[in-house]
Amino acid sequence: MPSVILNGSGRELPAGATVADAVRVAGAPEDGRGVAVALGGEVVPRGSWSDRELAEGEQIEVLHAVQGG
Amino acid sequence: MSALHIAGREFGSRLIIGTGGFRNLEAVGRAVAASGAEIATVAMRRVDASTGDSLLGVLEEHGCFVLPNTAGCFTARDAVTTARMAREALGTDWVKLEVIGDDRTLLPDAAELVAAAEELVADGFTVLPYTTDDPVLARRLEDAGCAAVMPLGSPIGSGQGILNPYNLRLIVEQAGVPVILDAGIGTASDATLAMEAGCDAVLLASAVSRAEDPAAMAVAMRKAVEAGWEARAAGRIPRRDYGQASSPTEGVAELT
């Protein structure tokens, strides 16, 4: 049960949870279209989302495009 | 009006619209359509479960080229990571690079900006940096390999227009890449002045998004940019200290 920081909030995820799971928990669309993930400040390419398991205390940012100048 | 060329891409409009500050997506769509803009900027922010409608869908519908920015970043490191996330999310290696140095004026941090530009250019990005109106900094950014330079007229969202037209002219004079006036536009005449000063394009958000009638202001901005560009291309008359009659000075009747 890794406890991670997902978009600034502490979350408990099931054992073996991957980046792909975190993307879903964050509320992103299933296909992850228009979404990007950084783990500890490094971008995780979409192709590795379902392989990359999350470790205790990791910091995940899940971003997408919003209105902005 | 001739086409705008940036990094080998051609755009028919010289007005670039920022999507920030609109009340809703419907307002974004109406203003983008009215502006005729072909490039629209977006920001990268945390996904939250309440996000419903798709901004990208609206921009796609209007045929806009989406230009992500790095707004909200205060260090080169954060800006570089944000640009890489935008590339991953949106499949574009173009970025409006923004590295803010002061949260009250939102003025760019010159040192961090150049460092981020160098790193992103080396990583294959097409970098369009939001910069101050300092001609030396503009040159440094061009030397770093940026595809354009985007000096401010005045602080973001301030609506103060072009505070230093002299510096802007110097930037235009020396630039070997497109110059895009970015930030500070308050009303249509500001956009016209930027184009008359020789800018290749104008990027604005608040002037339209926070206007009482955004779609109507978008029309005004489209016309203002076109008018400024046409006037610049047409060649204005020189300024004179005294009047110069346009009616013939010969053949005037003696009536008294």
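Biologist: Which residue just after H1(B) takes a positive phi?

Modeller: This is a predicted model, in which local features need pLDDT of at least 70, side-chain atom pairs count only at pLDDT 80 or more, and totals for chains, interfaces and linings use all residues. Residues are numbered from 1 along each chain as its sequence is written, with chains lettered from A and ligands numbered from 1 in the order in which they are written. Helices (H or I, at least four residues) and strands (E, at least two) are DSSP runs, numbered from the N terminus. Just after H1(B), a positive phi of about 75° is taken by Gly36(B).

Biologist: Within what arc do the buried residues of H1(B) fall?

Modeller: Buried means 20 or more other C-beta atoms within 10 Å of the residue's own, exposed 12 or fewer, partly exposed in between, with C-beta atoms placed from the backbone. In H1(B), residues 25–35, the buried ones are Val28(B), Ala31(B), Val32(B), Ala34(B) and Ser35(B). They line one face of the helix, because the directions from the axis of H1(B) to their C-beta atoms fall within an arc of 165°.

Biologist: Is Val28(B) buried or exposed?

Modeller: Val28(B) sits in helix H1 of chain B. Leaving out residues up to four places away in sequence, Val28(B) touches Gln67(A), Thr19(B), Phe22(B), Leu55(B) and Val58(B). Its C-alpha is 8.6 Å from that of Ala215(B), 187 residues apart in sequence. Val28(B) has 27 C-beta neighbours inside 10 Å, so it counts as buried.

Biologist: Which element gives the most to the side of chain B that touches chain A?

Modeller: Here 31 residues of chain B are in contact with 21 residues of chain A. E4, H2 and H3 of chain B each supply at least two residues of that side of chain B. The top contributor, with 7 residues, is H3(B).

Biologist: Which residue stands opposite Leu63(A) in E4(B)?

Modeller: Two strands pair if DSSP finds at least two bridges between them. E5(A) and E4(B) run antiparallel, joined by 5 bridges. Opposite Leu63(A) stands Arg46(B).

Biologist: Why is one side of E6(B) and of E8(B) left without a neighbour in the sheet?

Modeller: The open sheet of chain B has 3 strands in the order E6-E7-E8, with parallel pairing. E6 (94–97) and E8 (150–151) of chain B are left open on one side because each stands at an edge, with a single partner strand.

Biologist: What angle does the direction of H4(B) make with that of E7(B)?

Modeller: Helix H4 (residues 110–122) of chain B packs on this sheet, touching E6 and E7 of chain B. Axes are lines fitted to C-alpha atoms, for helices over the stretch in contact, and angles run from 0 to 180 degrees between N-to-C directions. For H4(B) and E7(B) the angle is about 170°.

Biologist: Which residues touch the most other members of the largest nonpolar core?

Modeller: A nonpolar core is a set of buried Ala, Val, Leu, Ile, Met, Phe, Trp, Tyr and Cys residues joined through C-beta atoms within 7 Å. The largest has 103 residues. Its largest share, 8 residues, comes from helix H3 (residues 76–90) of chain B. The members touching the most others are Leu97(B) and Val202(B).

Technical notes:
Two residues are in contact if their C-beta atoms, placed from the backbone, lie within 7 Å.
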